[in-house]
Amino acid sequence: MNSELLTSLICSLSYCLFMQLFSNGMGESEQYHASLRVNDSEEASLMELLKFMYSNNLTVTSALAVLDVLMVANKFDVASCMRHCSRLLRNLPMTPESVLVYLDLPSSILTAEAFQSLAVAVK
């Protein structure tokens, strides 16, 4: 298990889930340290999402890695990262295989406002 120190103010400024986590009386808002459990398969993408929250930049460049970050950003309701991932994916070469992958994304992503520019490009 990795332990990362995060500033609650930075995390909660514009990210709904984190704002709720640190401010609305949830158990975590009373604690000095909050724990977030994720699947092992999501850990690298979550770390990339957290880096994005501090820097507004992603270090991953492959379509699959960006898609993984997009899925985690959707899970934690970080629309700015979803928009960034959509822009990155839109700028990558689109193949029939990638279109099929994009169309197979969960409906919560396909209908998200942050994903619409890529959804239009896919269609």
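Biologist: Which residues is Cys85 in contact with, leaving aside neighbours within four places in sequence?

Modeller: This is a predicted model. In it, Cys85 is in contact with Leu58, Val66, Val69 and Leu70, once neighbours within four places in sequence are left aside. Contact here requires heavy atoms within 4.5 Å.

Biologist: Which residues of the largest nonpolar core touch the most other members?

Modeller: Cys85 is one of them. Two or more residues come from each of H3 (43–55), H4 (63–75), H5 (79–91), H6 (96–103) and H8 (116–122). H4 gives the most, with six residues.

Biologist: What makes H4 and H5 roughly antiparallel?

Modeller: Their packing angle is about 160 degrees, with the axes 9 Å apart. The cut-off for roughly antiparallel is over 145 degrees. The angle passes it, so H4 is roughly antiparallel to H5. The crossing of H4 and H5 is left-handed.

Biologist: Which residues meet where H4 packs on H5?

Modeller: H4 brings Ala63, Val66, Leu67, Val69, Leu70, Ala73 and Asn74. H5 brings Cys81, Met82, Cys85, Leu88 and Leu89. By class, the contact has 11 nonpolar, one polar and no charged residues.

Biologist: Why does Ser86 count as buried?

Modeller: Buried means under 20% relative accessible area. Ser86 has 0%, so Ser86 counts as buried. Ser86 lies in helix H5. Leaving aside neighbours within four places in sequence, Ser86 is in contact with Ala114, Phe115, Ser117 and Leu118.

Biologist: How do you know that Ser45 is buried?

Modeller: By the cut-off of under 20%. Ser45 has 7% relative accessibility, and therefore counts as buried. Ser45 lies in helix H3. Not counting residues up to four places away in sequence, Ser45 touches Asp68, Val69 and Val72. Val69 is also in contact with Cys85.

Biologist: Why is Ala79 called partly exposed?

Modeller: Its relative accessible area is 32%. Buried is under 20% and exposed is over 50%. The value for Ala79 falls in between, so Ala79 is partly exposed. Ala79 lies in helix H5.

Biologist: How are Ala79 and Ala112 placed, along the chain and by C-alpha atoms?

Modeller: Along the chain, Ala79 and Ala112 are 33 residues apart. Their C-alpha atoms are separated by 8.4 Å.

Technical notes:
Residues numbered from 1 in each chain as written. Predicted model: local features only at pLDDT ≥ 70, side-chain atom pairs only at ≥ 80, totals over all residues. Heavy atoms only, no water. Core = buried A, V, L, I, M, F, W, Y, C linked by side-chain atoms within 4.5 Å. Buried < 20%, exposed > 50% of the residue type's maximum accessible area, 1.4 Å probe, protein only. Helix = DSSP H or I, 4+ residues; strand = E, 2+ residues; numbered from the N terminus. Axes fitted to C-alpha atoms, helices over the stretch in contact; angles between N-to-C directions. Parallel < 35°, antiparallel > 145°, perpendicular 65-115°, else oblique. Left-handed = near helix turned anticlockwise from the far one by under 90°. Nonpolar A, V, L, I, M, F, W, Y, C, P; charged D, E, K, R; others polar.
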